[in-house]
Amino acid sequence: RRAGLQFSSASGRVEDCEIFGNVDAGILVEKASANPWISHCTIRDGKGCGVAFVDSSRGMLLESRICGNGCPGVLISGSAMPVVWRCTVHENRAPGITVEQNGRGVLFQNQIYGNAEADLDISTQANPVVRHNTLRNGTTCGITVHHGGQGVIERNTLENYYLAGVVASDGGDPTVSCNTFKYGELCSPADSAAILVHQGGKGHFKNNVMVGWQGKDVLRRQSVWDFADRSAD
């Protein structure tokens with residue numbers, strides 16, 4: 001592997017660094033005893049992921065900028081459980097953040113926008129806690145949950161997505177509550193929805209606020225689930 005910086009069963013602090021142009025991840029954190037603190041860094045323009053947490057690793061990723069990478073800006077996989085807090089994740093050529101393969105962790109107060117695919121992708125039994133983030137300005141979706149992915153998605157703002165703010169499909173089963181969905185210029189009256197549940201998707205959706213969606217398609221669904229959301233001007 002040719003990561004810029006690798007923590008394998010190790011801890012330590014990385015602060016105020018610029019890491020760029022790597023073939024593999026800019027920062028790779030792996031194995032159960034790995035638990036570094038990464039703050040105020042820029043991780044950009046690599047061919048792989050910006051920061052990858054794998055193999056039951058932990059760690060704190062704080063107030064860093066992750067952009068322009070060829071794979072997800074942040075990857076959480078293989079039962080990893082990091083905290084990603086107050087980061088800016090944007091314009092990666094894949095999802096902004098991917099949580100997969102039993103990945104867990106907490107995503108809190110991040111700005112996630114303008115990535116080539118979904119800003120946050122949750123799949124394959126991953127179950128992160130996603131709170132107080134702002135996701136915006138995407139030509140596809142804000143959050144996709146599929147192939148057994150779950151997740152607690154609470155008190156986030158999702159704004160201006162062409163397809164949908166949240167999509168649940170193929171056995172995806174998130175809990176989505178107390179979020180704000182804002183209609184924006186990228187939204188299409190014919191094609192957009194605040195929440196889209198289709199192709200075997202499930203989920204629990206409650207107390208979300210839809211801003212600017214009156215008279216538009218707030219929901220599209222092909223499965224039965226509880227719904228207690230409300231629209232607002």
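Glu-18, Arg-44 and Asp-45 are joined to one another in a network of salt bridges, a salt bridge being a side-chain nitrogen of Lys or Arg within 4 Å of a carboxyl oxygen of Asp or Glu. The model is predicted, so local features need pLDDT of at least 70 and side-chain atom pairs count only at pLDDT 80 or more, while totals for chains, interfaces and linings use all residues. Residues are numbered from 1 along each chain as its sequence is written, and side-chain values use heavy atoms, with hydrogens and water left out.

By the rule above, the count comes to 5 salt bridges. Asp-45 is partly exposed at a relative accessible area of 40%, and Arg-44 is partly exposed at 22%; here buried means under 20% relative accessible area, exposed over 50%, and partly exposed in between (1.4 Å probe, protein chains only). Another salt bridge brings together Arg-13 and Glu-15, at 3.0 Å from N to O. Arg-13 is exposed, with a relative accessible area of 57%, whereas Glu-15 is partly exposed at 39%.

Glu-63 and Arg-86 also form a salt bridge, at 3.6 Å from N to O. This pair links distant parts of the chain, 23 residues apart: Glu-63 sits in the loop between strands E8 (60–62) and E9 (65–67), and Arg-86 in the loop between strands E11 (83–85) and E12 (88–90). Helices (H or I, at least four residues) and strands (E, at least two) are DSSP runs, numbered from the N terminus. Both partners are partly exposed, Glu-63 at 31% relative accessibility and Arg-86 at 42%.

Attention now turns to strand E7. In a regular strand the side chains alternate between the two faces of the sheet. In E7 (residues 51–54), Val-51 and Phe-53 point one way, Ala-52 and Val-54 point the other way, and all are buried. Two strands pair if DSSP finds at least two bridges between them. Strand E4 (residues 27–30) runs parallel to E7 and is joined to it by 4 bridges, with Leu-28 opposite Ala-52. Strand E10 (residues 74–76) is also parallel to E7, through 3 bridges, and its Ile-76 is the bridge partner of Phe-53.

Finally, there is the loop between strand E24 (180–182) and strand E25 (193–197), where Leu-186 lies. Leu-186 is partly exposed, with a relative accessible area of 32%.
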